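Here is a friendly walk through the model on your screen. Have the sequence and the 3D view at hand as you read.

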Amino acid sequence: MALRSTSSNHVYLNGRTLEGGGQLVRIAIGLSALTGRPVSIDHVRANRQGKKGLKRTHAAAVKLLAEISDSKVSGGEVGSEYLNFFPQSTKSKDGPLRELSQVSIKSEYNIKLTTAGAIFLVFETLYPYLLYAGSQAAAPFVKVNITGGTNATWSPSYDYAAQVIAPNFAKLGLPPLSIVLHKRGWTTGPVDLGEITFLVYTLASEHNPDGVHQPKGSSERDRNRTAEALCSFPRMNLMDHKRGKVTQIDITVLAPDQPIISGDAEEGTGSTVRQFIEKVTQRTLCLETRKLDQTIFGKYSPSSPLQEDTLGKSSAEDTPVPIRIHTSEVTYHRSHIYILLVAHTSSGFKIGHDIICSDRLPRPKYKGKQKHQPAHDPRRGSQNNLAFSAAADLVHRCVEGFIREISNESPNTQPDQKSPSTSKRACLDAHMRDQVVVFEALGKVCHPGEYETEATETLEDERDWTLHTKTAQWVCQQMLGI
């Protein structure tokens with residue numbers, strides 16, 4: 001599907017391929033910076049509804065990576081539907097990645113987005129390059145401070161990145177990634193920028209916390225060869241890891257403490273939207289986890305069949321595993337609502353599913369008791385009921401998606417279809433799955449002799465692959481020739 005190239009080294013990509021969005025651009029330029037292979041992309045984000053071409057966040061990511069990697073760019077402005085990315089150095093003669101001798105990296109970067117664009121999507125573009133080239137910095141880690149959106153629609157949030165992505169990366173063999181939240185910023189509601197600091201421990205620092213060892217009297221070329229040997233991406237095969245059993249479920253709730261539900265409502269007097277979401281999430285998880293095949297849990301106590309009328313009586317003792325509130329944080333706008341569910345597994349992985357309010361909850365018509373309004377004014381009650389109904393719908397959609405992720409069966413299985421006996425579900429959720437594709441591919445090119453498969457080897461159930469995962473795989477194939 002790539003456009004015809006005029007050079008064996010230059011890669012041409014059709015931006016309409018598969019998912020056809022910003023992910024294709026981010027991965028392509030990230031691999032271009034790593035390998036020294038120039039890339040040209042046309043029809044940028046052509047599969048997106050509304051305006052095509054680069055959005056502000058994409059343009060910022062392109063500009064920042066070009067600066068960090070000393071690359072040249074044309075077509076990198078907002079709205080551009082084509083992009084040319086030209087690294088100024090070539091691939092190493094001793095490996096598939098760039099010569100580290102040609103790389104200069106600072107130990108700290110400060111990035112300020114002008115809008116609440118997704119911070120993690122910008123970081124995602126820089127991360128593979130910093131893991132490799134960061135060994136050239138004068139510190140065991142590279143510090144990246146980014147101002148922008150910490151909780152954004154259609155992108156990983158701070159909470160998902162910190163609770164799911166970072167620990168899973170470490171479990172799969174990447175160096176530690178520390179993510180520090182300073183202030184939240186939301187893409188919904190009033191413009192309010194947040195800030196996150198990433199501490200990127202490099203591939204070299206994984207082997208030597210004090211940096212790459214440089215023997216006294218060694219030549220610069222020998223020192224760079226030593227650095228490149230240490231800066232190898234690890235072999236990564238998800239089928240080497242067991243999915244494990246669910247041992248605990250964590251709940252994160254970010255929501256306002258207004259409005260307050262009316263005193264005669266079922267949930268009780270004085271319950272705010274945030275408290276309401278906590279209660280309904282715990283109760284719904286209790287109900288839905290008891291309906292699952294109980295062998296997916298690490299420990300459980302068989303109980304009597306669950307009846308619908310017992311829903312309100314469900315308690316912590318009814319759940320197959322502990323369900324706890326990990327984070328409950330007050331927000332200050334009715335559109336700032338976010339829910340994250342994370343399953344801890346016996347194999348050490350985290351399986352997550354989240355949801356963010358894409359619209360605001362209905363505004364309460366009256367705040368508190370008004371002088372000329374009765375305490376139980378029906379108009380105010382109607383507005384509150386709408387708000388809590390919308391919150392309940394958000395909870396149920398989040399729990400439904402989470403249950404699909406932890407179930408033994410792929411959510412894409414047809415009613416009369418059984419999973420092939422030689423395939424199994426991976427140890428990651430669908431969104432995390434597409435995050436590791438780049439590192440799987442880089443592990444293959446760094447360790448080409450370690451990926452020979454046997455005919456009887458268990459394969460990954462491809463029905464779990466999202467369009468984002470397939471797009472990431474396609475871009476890696478084009479850029480790395482695998």
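## Aromatic pairs

Rings of Phe, Tyr and Trp (its six-membered ring) pair if their centres lie within 6.5 Å; planes under 30 degrees apart count as stacked, over 60 as edge-to-face and the rest as tilted. With that rule, the structure holds 10 aromatic pairs. One of them joins Y127 and F439, an edge-to-face pair with 5.7 Å centre to centre and 70 degrees between the planes. Y127 belongs to helix α3 (residues 119–133) and F439 to helix α10 (residues 437–446), so this pair links distant parts of the chain, 312 residues apart. Y127 counts as buried at 4% relative accessibility, and F439 does too, at 3%. Here buried means under 20% relative accessible area, exposed over 50% and partly exposed in between (1.4 Å probe, protein chains only).

The rings of F276 and F388 also make an edge-to-face pair, because their centres are 4.9 Å apart and their planes stand at 90 degrees. F276 sits in helix α7 and F388 in helix α8 (residues 378–406), so the pair ties together parts 112 residues apart in sequence. F276 is buried, with a relative accessible area of 7%, and F388 is buried at 5%.

## Basis of the model

This is a predicted model, in which local features need pLDDT of at least 70 and side-chain atom pairs count only at pLDDT 80 or more, while totals for chains, interfaces and linings use all residues. Residues are numbered from 1 along each chain as its sequence is written, and side-chain values use heavy atoms, with hydrogens and water left out.

## The chain as a whole

The chain has 11 helices and 14 strands; helices (H or I, at least four residues) and strands (E, at least two) are DSSP runs, numbered from the N terminus. Of the 482 residues in the chain, 54% are buried. Among contacts (heavy atoms within 4.5 Å) with a separation of 6 or more, 76% are between residues 24 or more positions apart.

## Where α3 meets α10

Which residues of α3 meet α10? Y127, P128 and L131 do, against V438, F439 and L442 in α10. The axes of the two helices come within 11 Å and cross at roughly 35 degrees; axes are lines fitted to C-alpha atoms, for helices over the stretch in contact, and angles run from 0 to 180 degrees between N-to-C directions.

Y127 and F439 also belong to one aromatic cluster, together with F120, F123, F169, F198 and F233.

## Two open sheets

Strands pair if DSSP finds at least two bridges between them. Strand β9 (residues 246–256) pairs with β10 in the parallel sense over eight bridges, and P256 has T331 in β10 as its bridge partner.

Five bridges join β5 to the parallel strand β6 (residues 141–148), and N110 stands opposite N145 in β6.
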